[in-house]
Amino acid sequence: MSESIVSKEQTTDKDESAEAHGKCMLNRRKFLMYSGSTAAAASTVSITLFAGTAQAETRKASVQGYPRKLVARLSELKDHQPVNFNYPDDGKNSQAMIVKMGDVQAGGGVGAKRDVVAFSYMCTHQGGPLQNTYKHVGDQRVMGQCPLHLSTYDLRRHGIIVSGQAYQSLPQVLLEVEGDNVYAVGIMGLLFGRQDNLSA
Ligand code: FES
């Protein structure tokens with residue numbers, strides 16, 4: 001594994017990164033509440049924006065239409081060992097994983113250290129499988145490279161693309177904690193191969 005798993009273009013100084021990250025998040029918020037026409041349930045989830053920066057802030061987001069699914073127990077998650085699940089159903093392209101990223105805070109992270117996140121396993125470019133590609137080097141936490149065209153995604157920053165052919169962020173599964181239980185309650189972004197996350 002190379003020392004740096006985030007491309008040079010992405011490792012600008014802190015202020016530039018935060019600014020670029022902010023622009024990305026403003027765009028992403030527009031479809032944060034992406035849902036189908038059947039509003040079956042509504043949850044309110046806390047989203048940490050600009051995690052790890054001076055601009056860090058927490059916002060509440062309403063997630064409608066998605067099932068609330070138990071995907072892990074905090075006490076059973078081990079650092080850097082992804083646990084697989086399917087969400088929002090067991091249909092096409094629903095493979096996802098949840099991982100505790102060794103005390104490195106992430107946007108949308110839950111748990112005491114805000115280091116527990118969940119993402120789709122489907123590359124947004126052409127659906128390449130990202131299973132077994134989670135990596136951690138220093139403070140960097142990524143998924144990739146995709147085996148098809150080498151896309152890599154930054155898991156600290158809502159799955160933004162850091163290198164490769166993809167041009168959309170990796171869909172992030174939104175999480176909610178209740179006691180020791182971690183629930184999936186929504187998805188930020190559109191799963192590869194779907195026109196609606198709630199319709200396989
Ligand atoms: S399918 Fe993953 S980079 Fe093309």
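1. Start at His158. This residue lies in the loop between β9 and β10. His158 is not a glycine, yet its phi is positive, about 60 degrees. Buried or exposed? His158 counts as buried, because it has 27 C-beta neighbours inside 10 Å and the cut-off for a buried residue is 20 or more.

2. Keep in mind that this is a predicted model. The pLDDT averages 82 over the protein, and 71% of the residues score at least 70. Residues 8-40 need care in reading: their pLDDT is below 50. In the model this stretch still has 41 contacts beyond near neighbours in sequence.

3. Arg114 is another residue with a positive phi, about 55 degrees, although it is not a glycine. Look for Arg114 in the loop between β5 and β6. Arg114 is buried, because 21 other C-beta atoms lie within 10 Å.

4. Two cis peptide bonds deserve a look. One joins Tyr87 and Pro88, with omega about 5 degrees. Pro88 sits in the loop between β4 (83-86) and β5. Another cis bond joins Gly144 and Gln145, and here too omega is about 5 degrees. Gln145 belongs to the loop between β8 and β9 (152-154).

5. Now the core. How many residues does the largest nonpolar core have? It has 43. Ala118, Phe119, Val173 and Leu175 are those with the most contacts inside it. Strands that each supply at least two residues of this core include β1 (42-49), β3 (69-73), β5 (95-100) and β6 (116-120). The largest share, five residues, comes from β12. In soluble globular proteins, nonpolar side chains tend to be buried together.

6. Val173 gives a close view of that core. Which residues does Val173 touch, leaving aside those up to four places away in sequence? They are Tyr87, Ala96, Ala118, Phe119, Ala184 and Ile187. Two of these names have come up already. Ala118 and Phe119 are, like Val173, among the residues with the most contacts inside the core. Tyr87 is a partner in the cis bond to Pro88.

7. Finish in strand β1, where Ile47 is found. Ile47 counts as buried because it has 24 C-beta neighbours inside 10 Å. In sequence, Ile47 and Val110 are 63 residues apart. In space, their C-alpha atoms are 8.9 Å apart.

Definitions and conventions:
Residues numbered from 1 in each chain as written. Predicted model: local features only at pLDDT ≥ 70, side-chain atom pairs only at ≥ 80, totals over all residues. Core = buried A, V, L, I, M, F, W, Y, C linked by C-beta atoms within 7 Å. Buried ≥ 20, exposed ≤ 12 C-beta atoms within 10 Å, placed from the backbone. Helix = DSSP H or I, 4+ residues; strand = E, 2+ residues; numbered from the N terminus. Contact = placed C-beta atoms within 7 Å. pLDDT = per-residue confidence, 0-100.
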